[in-house]
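Here is a short briefing on how two protein chains meet. Take a look at the structure, then read on.

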Amino acid sequence: METIDRLKEAMVEGDEDACAVLAAELVAEGADLKASIAVLAAEMEEVGRRFETMDIFLPEVLLAADAMTAVMKVFTPELAKDATVAKKGVVVVGTARGDMHQIGKDLVALFLGIAGFEVVDLGTDVDALDFIHEAERANADVIGISSLMTTTMPGATEVVALLKDKGMRDRFKVIVGGAPTSQEWADKIGADGWAEESGGAIDVVKELISGRA
Amino acid sequence: MAYRQWEIMERAATGPFMEEKDFLNKRITAKMREVIKKYGVKFDPAHPVPADDAMADAVWQAAWEFFRDVGVYNQDTHRIMEFSEEEMREALYCAPSSHTVGLGKDSRVFGHRTVEDPRPPFVIFSPDITYDEVDFFQACVAYLKEPLLDAICSPLLEDFQGRAIQSKTPFEIGGSMEHAMHLRSAARLMGVPGVCMIAVGTAETDVAQVAVSQPDWGIRPSDGRLVSSITEMMTNNAMLNKAAHYQMYGSFSGNLTGTIYGAYAGGAEGTAIMQTAYHLMGLLTYGCQFQQNFLFHLKYGSNTGREMLWVVSMYSQAVARNTHLVQDSNGFTNAGPGTDMLFYEAAAHAMTSTVSGANLWETAPARNKHHNHGTPLEARFAAEVGHAVARQGMKRERADEIVNALLAKYEENIPDAPIGQTFQELYDVAKAVPKPEYLDLYKKVKEEVGAMGVEFIY
């Protein structure tokens with residue numbers, strides 16, 4: 001079995017240690033790392049699809065994602081030598097002020113990371129201004145706000161309003177989501193995107209970032 | 001009684017440190033995998049209401065070990081509140097098996113039930129969704145008119161004084177007070193001034209909960225309160241504030257927990273074990289008097305699918321067989337009001353829960369997310385099914401057959417379930433009664449479910 005195939009298998013099994021060893025082997029073999037990453041990313045997309053259909057569950061996805069991170073730790077210093085490697089974009093995510101429900105935000109952060117975006121996870125109960133400050137600091141492309149309660153949805157409205165007040169509305173795209181939210185509400189508050197579930201959020205981010213290019 | 005309240009609260013500041021990500025990814029998921037394997041817990045899709053005592057006991061043992069070894073994580077202090085085997089046994093032994101809630105003629109006994117218990121379930125009526133501020137009072141009235149209602153959680157408010165209620169603002173406190181005042185007034189006008197209110201759901205924060213603790217116009221010590229856990233097995237200082245306040249104010253406190261199927265607990269096996277473990281968490285961490293179970297599917301936000309009903313049945317049986325704790329089971333349907341699918345789902349959830357030893361909390365329609373999409377009629381139907389199957393002494397094997405027949409009617413439609421109609425479309429709001437066409441649908445489905453083997457009392 002080729003090293004890349006063994007690496008793919010170890011990643012799906014969530015074997016971080018094996019992944020680190022096999023990734024180092026690929027580097028030593030002089031493999032095309034960008035092509036290897038493409039292979040692994042396609043495999044992670046398959047993991048995501050299996051999660052979407054509930055053939056596997058979050059723990060399996062997390063293990064595979066951690067294994068992918070172990071691979072990237074080995075690859076990154078090598079890729080840094082290659083000027084043709086470009087980042088896909090930076091997304092700052094968090095739950096709206098007062099909201100402690102993190103699962104939706106966690107899933108979006110996880111799958112954005114798997115899709116190759118740099119994710120800055122601000123956690124739960126995030127102040128509206130903190131979203132903006134952190135987005136500035138990270139030079140983010142997108143701010144993502146999750147609300148699971150109707151009483152925390154105004155927290156997302158506040159982020160959009162503050163961006164306008166600070167004259168920065170055009171600097172960041174804003175996406176919103178969470179169980180009680182809707183496209184209609186996203187339009188009403190002036191957000192740039194909304195998705196019903198985590199998989200959809202990734203597509204929205206991809207579309208928004210490609211639109212900025 | 002709050003079990004060793006201050007010794008336990010102190011652990012939020014002194015317990016072992018751990019990063020939150022490690023607690024979730026390593027401690028929770030690793031231990032869950034271990035206990036599923038060790039105790040041989042296995043989902044059986046053929047039997048949504050399993051009559052398998054050994055499996056129910058295995059779920060209990062797995063949950064016991066899981067909770068003992070995992071503990072509860074405080075997000076604010078990044079420390080784990082841990083409990084010894086001896087403390088778990090002591091707290092469980094000392095917990096009362098029933099509580100008299102509400103006041104005077106409206107008081108009721110909210111107690112532990114056994115598997116296949118012929119005593120009817122205690123039924124809490126609640127749509128668990130928000131209503132227009134202008135119709136909120138009449139929605140409360142409509143629920144309070146229901147004869148099988150033992151306690152009410154009531155609709156929620158989304159706006160106060162024409163502005164969206166925002167957590168951690170004065171509008172949350174105002175909206176929460178309006179919620180409590182309207183509910184209290186509605187209860188008096190409907191002739192049930194002492195009814196137990198499990199409230200107020202509009203109050204998300206600890207501050208807003210404290211603001212409504214007022215025996216004249218707000219929440220009394222004879223009422224119920226809820227304190228939640230954060231997914232999974234996590235708490236924070238605001239939750240601990242609520243727990244401490246409820247105990248010292250004197251309300252009956254419920255641990256509001258919903259394990260998410262497909263998330264950190266994994267599939268049906270882990271979800272059943274986690275939900276069982278939450279009974280121990282509520283008792284030991286918050287000193288709760290009852291457990292409010294509202295687990296749901298990650299993708300659909302409901303708990304009436306085949307795998308979810310198995311989970312509901314399993315954790316209910318595990319707790320009913322191995323403890324004398326008081327538990328209730330909260331139905332979350334896929335379909336919305338005004339559809340026959342909602343009634344089928346409500347029947348399946350109520351029947352599964354009742355024969356498995358749970359009390360009922362019914363019914364959150366349309367995946368608990370659509371404004372105004374909830375009426376008392378579907379909750380009435382669920383309550384009638386619960387009373388009927390208990391009174392007729394239905395066994396799990398028979399319930400399993402009927403639930404399978406009900407699932408055949410809606411299972412395939414879960415992904416694209418209709419959201420149905422609003423309270424305003426289905427009810428005469430001024431009179432707070434269902435419109436004739438909605439009553440006709442209810443009667444049609446009741447007849448159909450009766451023909452399946454449910455002996456409705458009237």
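**The interface of chain A and chain B**

Across the interface of chain A and chain B of this predicted model, 10 residue pairs are in polar contact, both residues at pLDDT 80 or more. A polar contact is a pair of N or O atoms within 3.5 Å; within protein, one must be able to donate a hydrogen and the other to accept it, and residues adjacent in sequence count only if both atoms are side-chain atoms.

The model is predicted: local features need pLDDT of at least 70, side-chain atom pairs count only at pLDDT 80 or more, and totals for chains, interfaces and linings use all residues. Residues are numbered from 1 along each chain as its sequence is written, chains are lettered from A and ligands numbered from 1 in the order in which they are written, and side-chain values use heavy atoms, leaving out hydrogens and water.

**Who takes part**

- The contact (heavy atoms within 4.5 Å) takes 31 residues from chain A and 31 residues from chain B.
- M100(A), Q102(A) and T151(A) supply 21% of the area that chain A buries against chain B, more than any other three residues.

**Area**

- About 2500 Å² is buried between chain A and chain B, 57% of it on carbon and sulfur atoms.
- Buried area is the accessible area (1.4 Å probe) that two parts lose on being put together, summed over both.

**Charges**

- Chain A and chain B share three salt bridges, each a side-chain nitrogen of Lys or Arg within 4 Å of a carboxyl oxygen of Asp or Glu.
- R33(B) and E60(A) form a salt bridge through their side chains (3.0 Å, N to O).
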